[in-house]
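Here is a short tour of one protein chain, written to be read with the model open beside it. Please load the structure and follow along.

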Amino acid sequence: MPRTRTVGLVLLALPLLGGALEHGPDPKWLRWNPATRTTSFELIAGLTGQVKSPFNFNGYTNGELTLTVPESTTVVLNFVNEDGTPHSAIVIDDKDPMPTMAEEPAIPRAYSVKAIEGLGYFAKDVIRFKAAPAGDYRIFCGVPGHGLSGMWIRLKVAPGTTEPSMAETPAQSP
Ligand SMILES: [Cu+2]
């Protein structure tokens, strides 16, 4: 059935063109503990596989993924670098122009160790901070040039929400 086979190939190619992971964000990345009001998120730098660039977080670049957490709760980012190039993570304000490299975090303690030089292959760090104040932020790789080349996703600290969520960021209208 050559016709069916052609359709299958086209469908496989679409996620790469559309800028999103084929199956969307993995639900296993996000956990919520209502007793301690703590969000745990597996923050994977340089996810390999069907991605556009190794300079990604969880396969996403340029703000394509949005992590939303309730205001004044605890956030734990379990950072791991799965890429051969050193990477890091730091929470910065959601505004342009972005810095070239890690500077002061927008939220106290919301950054990994080695924020500028980056953590090596399969190195891990646990980033723990309080989600405040409410607002729009970016989780940005602080290694010089990486953020500007697209290595950032969105973090929203939302008042009035009771649980965290993650979703692909809706496409901006042109
Ligand atoms: Cu990086």
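Which residues does I139 touch, not counting residues up to four places away in sequence? The model is predicted, and in it I139 touches L43, F57, A89, V91, W152, I153 and L155.

**The nonpolar core**

I139 belongs to the largest nonpolar core, which has 37 residues. Together with A89, I90 and V91, I139 is among those with the most contacts inside this core. Several strands contribute: β2 (38-45), β3 (65-70), β4 (74-81), β5 (90-93), β7 (135-140) and β8 (152-158) each supply at least two of the core residues. As a general background, nonpolar side chains in soluble globular proteins tend to be buried together.

**The chain as a whole**

Stepping back, the protein chain contains 1 helix and 9 strands. Read from the N terminus, its elements follow the order α-β-β-β-β-β-β-β-β-β. Of the 174 residues in the protein chain, 34% are buried.

Let us now look at how some of the strands pair.

| Strands | Sense | Bridges |
|---|---|---|
| β3 and β9 | antiparallel | 4 bridges |
| β3 and β8 | parallel | 5 bridges |
| β7 and β8 | antiparallel | 6 bridges |

β3 pairs with β9, which covers residues 165-168, and here L67 stands opposite M166. β3 also joins β8, running parallel to it. Along that pairing, T66 stands opposite R154 of β8, while T68 stands opposite K156 of β8.

β8 has a further partner in β7, with the two strands running antiparallel. Here G135 has V157 in β8 as its bridge partner.

Why is β8 described as largely enclosed by the rest of the structure? The reason is that 5 of the 7 residues of β8 are buried.

Key:
Residues are numbered from 1 along each chain as its sequence is written. This is a predicted model: local features need pLDDT of at least 70, side-chain atom pairs count only at pLDDT 80 or more; totals for chains, interfaces and linings use all residues. A nonpolar core is a set of buried Ala, Val, Leu, Ile, Met, Phe, Trp, Tyr and Cys residues joined through C-beta atoms within 7 Å. A residue is buried if 20 or more other C-beta atoms lie within 10 Å of its own, exposed if 12 or fewer, and partly exposed in between; C-beta atoms are placed from the backbone. Two residues are in contact if their C-beta atoms, placed from the backbone, lie within 7 Å. Two strands pair if DSSP finds at least two bridges between them.
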